[in-house]
Amino acid sequence: MSTTIIRRVLKNETRQRLEFLNLTPRIEEVVSESGIGEGTVMVQSLHSTAATILNEWQEALLDDLRRMMEAAVPAGGGWRHDDPRYSDCTRANAVSHLRAMLLGPGVMLPVVDGRLVRGTWQSIILAEMDGPRTCSVSVQVMGVEQPRVRASEEWEAWFRRSLENPPEIPWESAARITDEERERIRASIQEFQLGEQSEGRHLRQAAREYARRSGDAAYARGTELFIREEQGHAALLGRFMDLAGIARVRHTWVDAVFRHVRKLAGLETSICVLLTAELIAKVYYPALAAATGCPALRAICARISKDEGSHVQFHCERLAMMRARRAPVRTCVALALQRLLLAGAAAVVWFHHEPVLRVTHSSMADYWRCCQLEFRAAFHSGGRRPVLAESN
Ligand SMILES: [Fe+2]
Ligand SMILES: [Fe+2]
């Protein structure tokens, strides 16, 4: 996740020599418009005679602050900055500098969940010490962007574009795979090719039902295109297997269990089971790519890995929407069950595909760490909470 930096300069018209302005709403607006979810905001006066502070915006307290400034740094205090024998400044504004120095030029606050973190009585206050003038304040928001939930129409367009841009595969290299490479990947690629190949009847039906209930017709269309993309993966792997002399299979017990579990309940369960497969696929395909030196297989794996990344996001966002209005404890239980499902599925995949997974993972523990990382990344980037409202 890359860091984003947004900078704005707020211009403030002041009318008095010593004046306070509450900048909080404008800074909250900058933070909100930045789209940054987690980070910091730095607010800094761009003048040596103005300060920014974090304190209570209360008239009586601001009067006290004014009196304190005047008492601590009185006008006519024989300041050298105002004396032409020592200074070339013609503004006679030593008190403005000194008062600004007492308060400091800036404040820095955390941004969490896209909002400024501040106490109930804390406001960001500009302390103008040398008005009237246009007093400028720099606001810099820095951090990682708030995960955005795409509308179903955006997903539909995304899958459509993806389907219109098939990968370029150097197919001629498939036949050059060595016997040793073929034996290493044979059983593994057979099972994954079968897994990618699904008509998705149950998922289609559940998505249509959900779309009808929620009024989000584009979700059903997006799901349709998602299924086509998965079928495209099966077609790529199948063509490679044909050229490389690896027979296609029609049944494995792992695939049968996976298909059965997916059909047990409604859309949410189907998505959870699919998501488990997608997360494992994100760990598996780079290993399959590394298991042979075949350019065709590498290109296929690169494309599938990329697609699986968007599938994970597609599913996580929908789960977040479905769970948005539920009690947090129910979501926590659902996440714990999903983690359990991932652990079980990851273990089965390890024992069935160890020769391929061993190419990039030194041990089962190392492989499991990668699966967990994928899980955490998925639910951090879109599955934990929806930022935009449900598209209906
Ligand atoms: Fe796939
Ligand atoms: Fe997928």
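**Exercise 1. How many helices and strands does the secondary structure of the protein come to?**

Solution. This is a predicted model, in which local features need pLDDT of at least 70, side-chain atom pairs count only at pLDDT 80 or more, and totals for chains, interfaces and linings use all residues. Residues are numbered from 1 along each chain as its sequence is written, and chains are lettered from A and ligands numbered from 1 in the order in which they are written.

Step 1. Apply the definition: helices (H or I, at least four residues) and strands (E, at least two) are DSSP runs, numbered from the N terminus.
Step 2. The total is twelve helices and eight strands.
Step 3. The radius of gyration (taken over C-alpha atoms) is 30 Å, well over the 21 Å that the globule rule (2.2 Å times the number of residues to the power 0.38) gives for 392 residues, so the protein is more spread out than a compact globule.
Step 4. Along the principal axes, the C-alpha trace spans about 95 × 45 × 40 Å.

**Exercise 2. State which domains the protein is assigned and what separates their centres.**

Solution. 
Step 1. The bounds come from an automatic or database domain assignment, which gives domain 1 (3-145) and domain 2 (152-383).
Step 2. The centres of domain 1 and domain 2, taken over C-alpha atoms, are separated by 52 Å.

**Exercise 3. Which residues touch the most other members of the largest nonpolar core?**

Solution. 
Step 1. A residue is buried if 20 or more other C-beta atoms lie within 10 Å of its own, exposed if 12 or fewer, and partly exposed in between, with C-beta atoms placed from the backbone. A nonpolar core is a set of buried Ala, Val, Leu, Ile, Met, Phe, Trp, Tyr and Cys residues joined through C-beta atoms within 7 Å.
Step 2. The largest core has 58 residues, of which F240, I280, Y284, L288 and C371 touch the most other members.
Step 3. Among the elements that give two or more residues to this core are helix 5 (179-196) and helix 9 (267-291); helix 9 gives the most, with 17 residues.
Step 4. A second, separate core of 24 residues includes L23, I27, V30 and M129.

**Exercise 4. Is T252 exposed, partly exposed or buried, and which residues does T252 touch?**

Solution. 
Step 1. T252 lies in the loop between helix 7 and helix 8 (253-262).
Step 2. T252 has 16 C-beta neighbours inside 10 Å and therefore counts as partly exposed.
Step 3. Two residues are in contact if their C-beta atoms, placed from the backbone, lie within 7 Å. Not counting residues up to four places away in sequence, T252 touches E191 and L194.
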